[in-house]
Amino acid sequence: MPNQDTDIFLRLFLIILLVILGIFLAMSEISLASARKMKLQTMKEKGNKNAEKVLEVQETSGNFFAAVQIGTNALAILGGIIGENILSPFLKPIIMSWFSLSSTKADTIGSLISFIFITSLFIEFADLIPRRLAMAAPEKIAIAIINPMLFLIFIFRPLIIFFDSIATFIFKIFKIQQNRNDEITYDDIFAIVDEGAETGVIQKKEHSLIENVFELDTRWVSSIMTYRNDIVFFTVDEDEKSIKEKISNYPHSKFLICKDNIDSIIGYVDSKNILPRILNSELKSLNNIKEIMNTNLLILPNTLTISEALDKFNEAREDFAVILNEYGHVVGLVTFYDVVNTLMGDVVYQDQDEQQIISRGEGSWLIDGVTSVEDVKKVLGIERFPEEDTYETIAGFMMFMLKSIPKKAAKVEFLDYTFEVVDVDNFKIDQLLVTKKDIDKKEKETI
């Protein structure tokens with residue numbers, strides 16, 4: 001009997017040892033696979049040698065996974081051999097006395113309970129718990145266990161070469177990529193930024209600024225320009241009274257000079273240069289202002305992104321540009337200030353007098369027809385409008401959806417929102433009322 005007790009306690013000790021080894025392998029597998037390259041690279045640059053080792057192991061992940069699987073399967077087999085019927089000697093007398101069963105049946109039940117016990121022990125303590133711990137802090141744990149893991153890889157080197165060669169051969173047959181792709185995309189960066197905002201590491205304004213920076217590469221410059229119909233310009237034959245009225249009503253810093261119409265631009269003039277002439281009554285028309293007119297005008301195509309337009313501003317050392325379409329017609333005007341506004345998010349959140357999107361309470365917005373769909377998406381939380389590459393403004397969205405020139409009170413329902421035209425000026429949508437559908441239902445129920 002003492003020998004039998006000693007044998008059982010020895011087997012229990014070996015089972016506990018196998019569970020500890022299983023904990024090491026499970027934590028190693030998850031931590032080394034989940035450790036983020038950016039964090040490890042930062043640790044490496046700070047002089048952490050173990051971080052450098054982890055990065056090297058990740059580059060040759062086949063060796064690491066082979067070592068883990070060899071160890072895990074070896075533990076499972078050993079656990080089954082050592083744990084077989086380990087509880088039967090204790091359980092057999094109890095089962096026979098409680099249930100009045102035969103010795104054979106008691107052995108069978110004892111073996112089944114032993115199997116469930118050992119299996120549960122490995123699942124809970126050698127698999128589930130260590131994996132969850134490793135997921136919580138993968139980089140920290142990977143750095144802690146990297147040296148023992150490298151020793152294990154060295155011990156299992158012959159077996160690793162054998163199994164990894166077979167796996168590599170299969171990958172080549174089916175043309176499967178063997179190394180993990182560590183390229184960082186916009187979506188990856190957005191996910192990291194969103195995570196930082198949720199945890200409070202990144203402030204709301206910083207979060208918005210980072211998103212806007214990446215939008216510069218995806219938004220067309222035409223989405224932030226002043227549209228053709230809103231451009232204030234002078235013609236060379238314009239009289240003094242008209243010039244004074246325009247400067248008074250539209251106190252811009254620069255004005256375009258055209259021969260006859262907006263498509264015949266010959267240059268621009270600064271307000272600071274033209275105002276003294278007006279005050280001294282020296283200006284009857286613009287035919288004689290060649291000495292103060294600047295003909296070095298920055299012209300940009302409407303096919304540029306905001307980021308590309310910003311590069312052009314830097315190259316030309318100019319702070320505004322005229323936007324032309326493929327037919328050479330002026331479609332708008334963009335300033336450096338427009339780019340900065342987009343970057344800082346001020347397009348939507350300007351002063352009340354200039355605001356393009358005005359919240360009228362919970363679930364209701366008054367939106368200017370020329371507002372960019374990108375700004376509307378931010379405010380309403382919409383991921384994408386249908387075929388949004390074919391238009392730039394919310395007015396364009398309405399025309400696309402209605403397949404006609406929208407009239408007052410025309411409505412479009414999209415996702416959880418109702419878009420209604422509330423003001424039209426000469427076929428141009430001036431304002432839209434956007435309402436959340438559930439708000440509409442609540443109002444009807446109240447009525």
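The protein chain folds into 17 helices and 13 strands. The model is predicted. Of the chain's 447 residues, 38% count as buried.

**Chain overview**

- The accessible surface of the protein chain is about 27,100 Å². Carbon and sulfur atoms account for 58% of that surface.
- Take the contacts between residues at least 6 apart in sequence: 57% of them join residues at least 24 apart.

**The open sheet**

- An open sheet is built from 4 strands. Their order is β2-β3-β4-β5, and the pairing is mixed.
- The edges are held by β2 (233–235) and β5 (293–294). Each has a single partner strand, so one side of each lacks a neighbour in the sheet.
- In general, the strands of a sheet pair through backbone hydrogen bonds, in parallel or antiparallel fashion.
- β2 and β3 run parallel.
- F234 has I257 in β3 as its bridge partner.

**The second largest pocket**

- The volume of the second largest pocket is about 770 Å³.
- A set of 23 residues lines this pocket. Closest to its centre are E215, T218, E374, K377 and E388.
- By class, the lining holds 11 charged, 7 nonpolar and 5 polar residues.
- Three helices each supply at least two lining residues: α9 (186–199), α10 (204–215) and α15 (373–380).
- Helix α15 gives the most to the lining, with 4 residues.

**Residue E374**

- E374 belongs to helix α15, the helix that gives the most to the lining of the second largest pocket. E374 is also among the residues closest to the centre of that pocket.
- Is E374 buried or exposed? Its relative accessibility is 18%. Buried means under 20%, so E374 counts as buried.
- Beyond its neighbours within four places in sequence, E374 is in contact with E215, R219 and E388. Of these partners, E215 and E388 are also listed among the residues closest to the pocket centre.

Note on methods:
Residues numbered from 1 in each chain as written. Predicted model: local features only at pLDDT ≥ 70, side-chain atom pairs only at ≥ 80, totals over all residues. Heavy atoms only, no water. 1 Å grid on protein atoms, 1.4 Å probe; cavity = no way out; pocket = protein on both sides within 12 Å on 5 of 7 lines; lining within 4 Å. Points joined across faces, edges and corners; volume = space filled by probe spheres on them. Nonpolar A, V, L, I, M, F, W, Y, C, P; charged D, E, K, R; others polar. Buried < 20%, exposed > 50% of the residue type's maximum accessible area, 1.4 Å probe, protein only. Contact = heavy atoms within 4.5 Å. Areas by Shrake-Rupley, 256 points an atom, 1.4 Å probe, with all protein chains shown as cover. Pairing = 2+ DSSP bridges.
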